Amino acid sequence: MNKLKTLICIPRYWPAVGGSELHTRELAHYLSSYAEITVLNHNSCSSLPNEQACATAKSQIIHDQQIPVHQVAPTSWRRPLLKTLSLFHPKIRLVRPIYDLFFSSVSYKALTQLSTGKDLIHVIYNGMTCVAEQALKVAKQHNIPFVFTPLAHTHTEEGKGWSSSRFLQIYRQADAIIAMTHYEREWLIQRGAHPTKTHVCPVGPLLSNNPDPEHFKKKYNIEQAPSILFLGRHVETKGYQQLAEAAHQVWHKFPETRFIFMGPQTDKSKLFFNSINDSRLLLIPNASDKEKCSALAACDLLCVPSTQESLGVIYLEAWHYAKPVIAANIEVMQTVIHDGQDGLLIPPDTNSIANAITKLLSNPELRLKLGESGQSRVQQHFSWTQLAKKMAQIYCTTLNTHAAIKVYC
């Protein structure tokens, strides 16, 4: 098989810390066994909104092992103009098309240069719709395939976000679309994506080496106590409040149980947790990767009753350590977790959460069965080696469909 020359374009990229940034980096490294990867990004800042970060970034080329990463930022008069426009972008709708107009020229120029000699362009979306539009335009001009991973938020209001007219245009014209789940695939097809061009290729868990669960238990004084782990940003849709309220019911039967809330806090979550005075409820807002993995390895189960997910990587990460998971019974999670086989899917209310936790704490054999089944699923379907091979096969199929001149696989 000829090694594919692939341009991966993602507006915000590592060393920015976020799911799409880190998963794209992992995918790029594993894909380098099959393809000659080049990455184009426009910012690597985690702390600013995308438009502001793109306007204030600096242009640079770094090499992440064997992968060249080209960060392209606006220069000359566009830079102060876009910086000013970015400040008003979130509040004033009329500013947004003006910002897009000027940033599109920056992205178009970079895409034109870096796609020369490439076999395909793969855009992974994490904001900046104008970048995806320019990549599609350049791919058509170079007569090479355009692959799109929208990372769709399928819960957004119809006609907005991932179901807006701009996205529908991209879905219709893309040579291949990558969905995270079968549910997302069907959602995209309903909005104009071509069924034979829409594929499912999820991401895998991101885990640090050498977790230390015994040190974690000792540090937080939970050696003998059952522990329930919540892992994620403390926003309402993640269900942290319902889980904390369920703790009181669980304590009636298992009074020593510790509830560990790990992840970035919000102003609202800080107020909520400040109103609870109980040492059995632990807050760890700024955990390292090693501490996160140690918590996963140490806990008895993971409970994140989130009502908005695109895949739910955190459940895969818990499965890696053979931990049972409890998740909200929403459509997308029904295509990831098999209720009663490798986890529990429940209504995301306080009583249901408490009942599910009590059920698992009362039944060690069931916890073991669910955790081991989940671990087997991760090993079989969500390893990065397998996912990279699948993505490379999608590239091959797309290339051969687009122009049956070269045989790529």
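Reply: What follows is a run of questions about labels in this predicted model, each answered from the values.

Me: Start with the helices. Why are α14 and α15 called roughly perpendicular to each other?

Reply: Helix α14 (residues 350-361) and helix α15 (residues 364-381) pack at an angle of about 100°, their axes being 6 Å apart. Roughly perpendicular covers 65 to 115 degrees, so α14 and α15 get that label. On the α14 side, Lys 359, Leu 360 and Leu 361 make the contact, and on the α15 side Pro 364, Leu 366, Arg 367 and Leu 370. Sorted by class, that contact has five nonpolar, no polar and two charged residues.

Me: And what makes α1 and α16 roughly perpendicular?

Reply: Helix α1 (residues 19-31) and helix α16 (residues 384-402) pack at about 75°, with axes 9 Å apart. The range is 65 to 115 degrees, so α1 and α16 are roughly perpendicular too. In the contact, α1 brings His 23, Glu 26, Leu 27, Tyr 30 and Leu 31, while α16 brings Trp 384, Thr 385, Ala 388, Met 391, Ala 392 and Tyr 395. By class, there are eight nonpolar, two polar and one charged residues.

Me: Why is helix α12 described as largely enclosed by the rest of the structure?

Reply: Count the buried residues. A residue is buried when its relative accessible area is under 20%, and seven of the eight residues of α12 (residues 313-320) are buried, so the helix is largely enclosed. Those buried residues are Val 313, Ile 314, Tyr 315, Leu 316, Glu 317, Ala 318 and Trp 319. Just after α12, Ala 322 has a positive phi of about 60°.

Me: What makes β6 and β7 count as a pair?

Reply: Pairing needs at least two bridges, and two bridges join β6 (residues 146-149) to β7 (residues 176-179), so the pair qualifies. The two strands run parallel, and Val 147 has Ala 176 as its bridge partner in β7.

Me: And how do β3 and β4 run, parallel or antiparallel?

Reply: Antiparallel, with five bridges joining β3 to β4 (residues 67-71). Asp 64 has Ile 67 as its bridge partner in β4. The hairpin of β3 and β4 has two residues between the strands, and Gln 65 there takes a positive phi near 55°.

Me: On to charges. Why is the contact between Arg 12 and Glu 21 called a salt bridge?

Reply: The N to O distance is 3.7 Å. The cut-off is within 4 Å, so the side chains of Arg 12 and Glu 21 pass. Both partners are buried, with a relative accessible area of 10% for Arg 12 and 7% for Glu 21. Arg 258 and Glu 256 also form a salt bridge, at 3.8 Å from N to O. At 13% relative accessibility, Arg 258 counts as buried. The structure holds 15 salt bridges.

Me: Arg 166 and Asp 100 form a salt bridge too. Why is Arg 166 partly exposed but Asp 100 buried?

Reply: The line between the two labels is at 20%, and exposed starts over 50%. Arg 166 has 32% relative accessibility, so Arg 166 is partly exposed, whereas Asp 100 has 15% and counts as buried. Their closest N and O atoms are 3.1 Å apart. This pair links distant parts of the chain, with Arg 166 in helix α6 (residues 165-173) and Asp 100 in helix α4 (residues 95-114), 66 residues apart. Asp 100, Glu 133 and Arg 166 are linked in a network of salt bridges.

Me: Last one. Why isn't Val 72 called buried?

Reply: Val 72 has 21% relative accessibility, so it counts as partly exposed, given that buried means under 20%. Val 72 lies in the loop between β4 and α3 (78-88). Among the residues Val 72 touches are Leu 40, His 42 and Val 106. Asn 43 is 29 residues away from Val 72 in sequence, with their C-alpha atoms 7.7 Å apart in space.

Methods: Residues are numbered from 1 along each chain as its sequence is written. This is a predicted model: local features need pLDDT of at least 70, side-chain atom pairs count only at pLDDT 80 or more; totals for chains, interfaces and linings use all residues. Side-chain values use heavy atoms; hydrogens and water are left out. Axes are lines fitted to C-alpha atoms, for helices over the stretch in contact, and angles run from 0 to 180 degrees between N-to-C directions. Helices (H or I, at least four residues) and strands (E, at least two) are DSSP runs, numbered from the N terminus. Angles under 35 degrees count as roughly parallel, over 145 as roughly antiparallel, 65 to 115 as roughly perpendicular and the rest as oblique. Contact means heavy atoms within 4.5 Å. Ala, Val, Leu, Ile, Met, Phe, Trp, Tyr, Cys and Pro count as nonpolar, Asp, Glu, Lys and Arg as charged, and the others, Gly among them, as polar. Buried means under 20% relative accessible area, exposed over 50%, partly exposed in between (1.4 Å probe, protein chains only). Lists of a residue's contacts leave out its neighbours within four places in sequence.
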